[in-house]
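Open the model in your viewer and keep the sequence panel beside it. The stops below are given in the order in which to select them.

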Amino acid sequence: MKIPVYQVDAFTSRPFGGNPAAVCPLETWLEDRTMQAIAAENNLSETAFFVGGGGRYELRWFTPAVEVDLCGHATLASAFVVFQHLERSLESVTFGSKSGELRVTRDGDLLTLDFPSRPPSRRDASEALTRALGKPPREVWAARDCMAVYGSEEEVRALEPAMNGLAALDFFGVIVTAPGRTADFVSRFFAPRKGVAEDPVTGSSHCTLVPYWAKRLGKPRLHALQVSRRGGELFCEDRGDRVAIGGHAVQFLEGTLEV
């Protein structure tokens with residue numbers, strides 16, 4: 001069986017930046033174990049699979065280890081493939097997913113995700129979290145992910161977390177964040193228990209970051225940087241029970257899988 005595959009760098013306007021995702025448009029669903037095996041073989045933080053047409057698709061995401069309930073950069077990459085290769089006349093596309101309907105619109109080369117908001121609740125900093133991060137955060141919050149807040153961008157960039165310690169925590173992933181020097185805020189994201197040590201750019205973490213920073217800074221529109229080694233740029237808006245997460249994307253590869 002031959003399956004088309006595209007590799008797209010999301011949340012960046014340059015190749016080798018942002019977060020690479022593999023995207024596989026399908027005519028019908030493959031068996032779950034086959035999609036998981038393809039994701040493991042691709043060995044990117046996410047491989048997306050979708051089925052559909054006419055501006056509406058069903059979308060699923062797999063890390064090399066597990067299927068996940070929400071992924072921003074692979075949704076952006078999937079929309080890029082639809083707009084560039086499958087339905088060039090569309091200005092928006094809707095994906096059905098485990099997290100409900102996700103709409104992606106385009107304005108020139110800027111693609112914007114409409115995602116559910118996941119506001120965090122305040123938590124105490126556990127000894128295990130502090131030990132794993134290597135530096136005590138100023139605040140700890142949590143929704144799906146644990147979020148550790150620091151005082152400066154420099155602190156976030158300098159962190160070298162112990163991945164085995166983070167993997168032992170009872171969260172999907174761990175966000176670290178702080179005010180930015182040139183952006184409203186910066187972040188990094190770690191999900192070793194889901195097969196991803198450090199994710200280069202994470203759309204889904206901004207479902208929690210955006211409501212937190214919008215409230216803290218007193219403004220709905222936010223410019224964000226994810227300060228991983230590859231780096232990424234996001235243009236966000238708090239919309240109450242939804243968040244808008246915008247970014248650019250560039251295609252790196254187009255090919256065919258034989259399975």
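Start with β10 and β11, which make a hairpin with three residues between them. Helices (H or I, at least four residues) and strands (E, at least two) are DSSP runs, numbered from the N terminus. This is a predicted model, in which local features need pLDDT of at least 70 and side-chain atom pairs count only at pLDDT 80 or more, while totals for chains, interfaces and linings use all residues. Residues are numbered from 1 along each chain as its sequence is written, and side-chain values use heavy atoms, with hydrogens and water left out.

**The strands around β11**

Select residues 139-142, which are strand β10; its pairing with β11 is antiparallel, over four bridges. Two strands count as paired if DSSP finds at least two bridges between them. Pick Glu-139 and look across to Val-149, its bridge partner in β11.

Now show the side chains of β11, residues 146-149.

Ala-148 has Val-176 of β12 opposite it.

**Ala-125**

Go to the loop between β9 (121-123) and α3 (127-133), where Ala-125 sits. Ala-125 is partly exposed, at 43% relative accessibility. Leaving out residues up to four places away in sequence, Ala-125 touches Thr-130 and Val-140; contact means heavy atoms within 4.5 Å. Draw a C-alpha to C-alpha distance from Ala-125 to Pro-137: the two are twelve residues apart in sequence and 7.6 Å apart in space.

**Helix α1**

Select residues 32-42, helix α1, and colour its buried residues: Met-35, Gln-36, Ile-38 and Ala-39. Why do they lie on the same side of α1? They cover an arc of only 160 degrees around the axis, taken from the directions from the helix axis to the C-beta atoms. The face turned away from this buried side carries the exposed Arg-33 and Glu-41.

Show what the buried residues of α1 pack against: β1 (2-10), β2 (19-26), β3 (46-53), β4 (56-62), β5 (67-68) and β18 (249-258). After the helix comes Asn-43, with a positive phi near 55 degrees.

**Thr-202**

Move to the loop between β14 (196-199) and α6 (206-217) and pick Thr-202. Thr-202 is buried, with a relative accessible area of 4%. Its side chain makes a polar contact with the side chain of Asp-199, at 2.8 Å. A polar contact is a pair of N or O atoms within 3.5 Å; within protein, one must be able to donate a hydrogen and the other to accept it, and residues adjacent in sequence count only if both atoms are side-chain atoms. Setting aside neighbours within four places in sequence, Thr-202 is in contact with Phe-189 and Gln-226.

**Cysteines**

Last, select Cys-24, which is buried at a relative accessible area of 0%. Its sulfur is 13 Å from the closest cysteine sulfur, in Cys-71, too far for a bond. A disulfide is a pair of cysteine sulfur atoms within 2.5 Å, and by this rule the count is zero.

How values were computed
Buried means under 20% relative accessible area, exposed over 50%, partly exposed in between (1.4 Å probe, protein chains only).
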